[in-house]
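Reader: Can you walk me through the ligand site in this one? I'd like contacts, then the overall fold.

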Amino acid sequence: MTILSPHRGSLQGTCRVPGDKSISHRAVLLAPVSGGACRITGWLRSADTLRSLEAVRALGAEIHEDGQVLSVQPGRFPLKDPLTIDCGNSGTTARLLCGLAAGLNCDLTLDGDASLRGRPMARVVDPLREAGADITYTAYEGRLPLRIKGRTLHGGTFRLAQASAQVKSALLLAGLNANGATRIAGCGASRDHTEILLRATGARIQSAPHSGGHVQLLKGARLQPFSLQVPGDPSSAAFPVAAALMLPGSRITLPEICANPTRAGFFQVIEAMGAGLQYGDIGISGGEPVATVTVSAGPLQPFAIDGARVPTLIDELPVLCVLAARADGTSRLRGAAELRVKESDRIAGVAAGLRKLGVTVEEYPDGLDIVGQSHWGSGNAIARIETLGDHRLAMAFAVASLVSDGQTELDDTTCVDVSFPGFFQTLDSLKG
Ligand code: S3P
């Protein structure tokens with residue numbers, strides 16, 4: 001339990017946010033099958049990404065960490081003995097590994113914590129089975145734990161039911177060991193870090209993220225080892241940025257943030273809400289666009305977010321809802337039912353937390369209406385908010401606590417280590 005007090009000043013200065021979580025997972029999962037030693041700099045060392053690292057270590061990869069540099073030597077397949085891998089809270093580990101292992105010579109059982117055991121796996125398992133994978137649920141249909149008996153797959157053409165980068169990535173990783181092409185007809189563009197990394201390793205991949213998310217991976221390319229600098233995570237950057245936007249007079253700079261257009265929704269929305277944004281040092285790192293972002297506070301207008309934009313800011317929605325609660329009018333979020341199957345039901349979690357702060361919120365199956373107001377809090381009483389063990393809810397309400405009229409109690413903040421170790425220290429460093 002953590003009790004947080006409001007901050008009466010502004011935020012100023014420069015802060016680095018940790019490496020991108022999605023890219024860090026992909027780099028460490030792909031390195032062992034890339035045919036040589038890989039070097040990853042700026043890798044995010046968090047509770048979530050360590051699950052992927054421990055998984056590939058269990059699969060035989062040799063990993064050395066030297067300060068900021070992670071070196072990964074290939075795994076040794078086939079593995080003789082059946083293995084169980086605990087994916088903890090990490091949906092990305094579970095889903096991407098499911099795809100990767102389906103085509104390798106291994107016998108792997110994947111499990112996870114209570115949150116992950118409650119999350120849908122059929123969206124990954126069904127198309128993988130279509131590609132020839134041997135996967136069985138060992139307890140409940142559609143949920144972890146599940147057992148994968150790896151074998152040669154045959155690829156295929158898949159139409160995804162969700163614009164999910166995890167499902168797309170699982171199919172592409174499975175496609176690396178298929179004896180046919182893998183074609184994915186998206187139902188919208190989702191983050192394309194797997195495609196970028198696969199292209200860099202020499203895979204024969206064609207993709208058009210802005211034409212509905214179609215991707216094609218041809219069979220038979222020999223992957224090359226890679227060297228990668230992981231840029232800062234825009235989803236983590238969203239928390240100090242939102243804090244700065246709510247505290248008048250704030251101006252903060254975040255260097256080397258991943259500026260991939262498939263992840264840019266948060267920055268587009270806050271600009272439309274009235275944030276002052278400046279981009280500098282624009283470049284490319286490891287195939288990913290990067291930029292230094294400077295943000296200054298200004299009066300906030302409400303947002304209207306719907307359908308196609310949602311995948312570009314899915315993980316930033318909890319903190320965007322906190323920002324909406326400070327805007328001058330009613331914000332409307334729809335087409336975001338996916339939020340209900342994240343690390344927690346984030347629609348319910350956001351609504352409950354904002355109501356504890358006295359904010360008027362209407363909940364819908366696929367979103368929220370949030371009425372912005374200039375004062376929050378429970379007066380002299382402490383606002384007690386449940387984070388549901390969800391890192392993004394914990395950070396969103398820690399940001400909210402900065403502008404509350406009174407103190408805020410969060411039942412669990414250790415979960416911030418899932419994606420942003422050092423989150424509270426980073427915020428404090430900007431308080432001056
Ligand atoms: C991720 C994709 C998104 C996102 C998650 C990370 C990834 O999930 O919410 O935090 O790294 O591929 P979905 O693919 O389920 O939309």
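Reader: Which backbone atom is 3.0 Å from a ligand oxygen?
Author: A polar backbone atom of Ala-165 is 3.0 Å from an oxygen atom of the ligand; a polar contact here is a pair of N or O atoms within 3.5 Å. This is a predicted model, where local features need pLDDT of at least 70, side-chain atom pairs count only at pLDDT 80 or more, and totals for chains, interfaces and linings use all residues. Residues are numbered from 1 along each chain as its sequence is written, and side-chain values use heavy atoms, with hydrogens and water left out.

Reader: And which side chains have a polar atom by a ligand oxygen?
Author: Ser-22 has a polar side-chain atom 2.7 Å from a ligand oxygen, and Lys-342 has one at 2.6 Å from a ligand oxygen.

Reader: How much of the ligand does the protein cover?
Author: The protein covers 94% of the 380 Å² of accessible area that the ligand has on its own (Shrake-Rupley method, 1.4 Å probe).

Reader: What else is around the ligand?
Author: Residues with a heavy atom within 4 Å include Arg-26, Thr-92, Gln-166, Arg-191 and Asp-315. By class, the shell has two nonpolar, four polar and four charged residues, with Asp, Glu, Lys and Arg counted as charged and Gly among the polar ones.

Reader: Switching to the fold: how many helices and strands?
Author: The chain has 13 helices and 23 strands, taken as DSSP runs (H or I, at least four residues; E, at least two).

Reader: How compact is the chain?
Author: Its radius of gyration over C-alpha atoms is 21 Å, close to the 22 Å from the globule rule for 432 residues, so the chain is as compact as a globular protein of that length. The rule is 2.2 Å times the number of residues to the power 0.38.

Methods:
A polar contact is a pair of N or O atoms within 3.5 Å; within protein, one must be able to donate a hydrogen and the other to accept it, and residues adjacent in sequence count only if both atoms are side-chain atoms.
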